[in-house]
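I opened my notebook to record what I looked up, beginning with the ligand and ending with a pair of rings.

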Amino acid sequence: MTVQRTLSIIKPDATNRNLTGRINTVFEENGLRIVAQKRIRLTIEQAKAFYKEHDGKPFFDGLVQFMASAPVVVQVLEGEDAIAQNRRLMGATDPSQAEEGTIRKMFALSKGENSVHGSDSETSAAREISFFFNALEITG
Ligand code: CDP
Ligand code: MG
């Protein structure tokens, strides 16, 4: 086990419903420290660039429109095994498949509007953190 950092996004469906605090409580009560955080409104171009790995998939256009539809909270979470720990806390992409107690089970509206994003590997965590933050903006 090593201390890692991962990129999390509280998505528009959750910021619209004022769920930032409740989602952050899940992180803070389960071993993850919020070491950087900001609330921003993504442009369509920024959303396309962030999710470029999904370009060409049937859900890509809807995903991009959704992510640019309202503010998001982007954050860096730090802790033991943070990448996998965050994915566990998030639950499955489709909330109907998500385990009880996970963020998506508790809050997600649908497979698309599923409240949170989390990096899925060390490589994507590094890319995604540097997409939103520079080193001076992150402090443990
Ligand atoms: O977010 P996660 O890593 O769990 O899933 P993904 O496969 O990387 O997909 C990224 C995002 O695209 C999801 O979180 C959904 O918001 C959206 N998506 C969708 O709308 N429909 C799908 N069939 C798959 C993903
Ligand atoms: Mg993903």
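I then found an N or O atom in the side chain of Thr93 at 2.6 Å from an oxygen atom of ligand 1, and a polar backbone atom of Gly112 at 2.9 Å from an oxygen atom of the ligand. I noted that the protein covers 79% of the 510 Å² of accessible area that ligand 1 has on its own, as computed by the Shrake-Rupley method with a 1.4 Å probe.

I noted that this is a predicted model, in which local features need pLDDT of at least 70 and side-chain atom pairs count only at pLDDT 80 or more, while totals for chains, interfaces and linings use all residues. Residues are numbered from 1 along each chain as its sequence is written, chains are lettered from A and ligands numbered from 1 in the order in which they are written, and side-chain values use heavy atoms, with hydrogens and water left out.

I listed the surroundings of ligand 1, which include Lys11, His54, Phe59 and Asn114, each with a heavy atom within 4 Å of the ligand.

I searched the whole structure for aromatic pairs and found four, counting rings whose centres lie within 6.5 Å.

Notes. A polar contact is a pair of N or O atoms within 3.5 Å; within protein, one must be able to donate a hydrogen and the other to accept it, and residues adjacent in sequence count only if both atoms are side-chain atoms. Rings of Phe, Tyr and Trp (its six-membered ring) pair if their centres lie within 6.5 Å; planes under 30 degrees apart count as stacked, over 60 as edge-to-face and the rest as tilted.
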